[in-house]
Amino acid sequence: IRFVLLEPGNFDDPIRCRLFTSRPPKEDWTSIYIALSYERGDTTFKQMIVVNNRLVAVPRNLMGALRYVRQMVSRVEKDLHVMLWVADLCLNQADPSEKARHVENFRSIWSHASLEILWVPPEDDEF
């Protein structure tokens with residue numbers, strides 16, 4: 001499966017991350033990662049992030065969720081990279097067969113996460 005490595009930064013800095021592949025989590029898995037889900041909202045509003053040195057358009061609420069996670073982690077350790085699993089980035093959304101194959105890993109992905117976040121944007125829309 002793929003994971004996202006979110007680079008550190010200040011809240012308003014551009015979101016930069018890298019995708020990498022790992023085996024699915026199992027009982028003996030020791031990696032620390034965050035499983036992230038978010039309220040999709042209106043997906044017609046896209047914002048740009050950098051993934052593997054390429055610009056990628058993502059839903060506005062995903063951008064807000066990534067900013068929130070980065071800010072939360074930087075309060076503990078300013079220069080810490082964050083390993084995440086978030087379906088919109090870790091699965092090829094244009095490939096139905098890939099998405100179907102990975103459904104069987106969802107329970108394992110979520111149950112082995114060090115932290116699970118369900119992000120709902122603030123009502124004032126300021127993120």
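Let's begin with Glu 7. Glu 7 sits in the loop that links strand S1 (2–6) to strand S2 (16–21). Strands here are DSSP runs of E with at least two residues, helices are runs of H or I with at least four, and both are numbered from the N terminus. Before going on, note that this is a predicted model, where local features need pLDDT of at least 70, side-chain atom pairs count only at pLDDT 80 or more, and totals for chains, interfaces and linings use all residues. Residues are numbered from 1 along each chain as its sequence is written, and side-chain values use heavy atoms, with hydrogens and water left out.

Back to Glu 7. Which side chain makes a polar contact with the side chain of Glu 7? Arg 18 does, at 3.2 Å. A polar contact is a pair of N or O atoms within 3.5 Å; within protein, one must be able to donate a hydrogen and the other to accept it, and residues adjacent in sequence count only if both atoms are side-chain atoms. Leave out residues up to four places away in sequence, and Glu 7 touches Arg 16, Cys 17, Arg 18, Arg 70 and His 81. Touching means heavy atoms within 4.5 Å.

Now the sheet. It is open, with 7 strands in the order S5-S4-S2-S1-S6-S3-S7, and the pairing is mixed.

Next, the pairs. Two strands pair if DSSP finds at least two bridges between them. S1 and S2 run antiparallel, joined by 5 bridges. Here Leu 5 has Arg 18 in S2 as its bridge partner. S2 and S4 are parallel, with 2 bridges, and Cys 17 stands opposite Val 51 in S4. S4 and S5 are antiparallel over 6 bridges. In that pair, Met 48 faces Ala 57 in S5 as its opposite residue. Their hairpin has 2 residues between the strands, and Asn 52 takes a positive phi near 50°. Strand S3 (residues 34–38) and strand S6 (residues 82–85) pair in parallel over 2 bridges. Ala 35 has Trp 85 in S6 as its bridge partner.

On to the spaces. The largest pocket holds about 160 Å³. On a 1 Å grid over the protein atoms alone, a pocket is an open set of points with protein on both sides within 12 Å along at least five of seven lines; a cavity is a set where a 1.4 Å probe fits but cannot get out; lining residues have an atom within 4 Å of a point. Points are joined across faces, edges and corners, and a volume is the space filled by probe spheres set on them.

Which elements give two or more residues to the pocket lining? They are strand S4 (46–51), strand S5 (54–59) and helix H2 (87–90). S5 gives the most, with 4 residues. The lining includes Leu 19, Arg 40 and Gln 93.

Last, the structure holds 1 cavity of 30 Å³ or more. The largest cavity has a volume of about 40 Å³. Its lining includes Pro 8, Arg 70 and Val 82. Helix H1 (residues 60–74) gives the most, with 3 residues.
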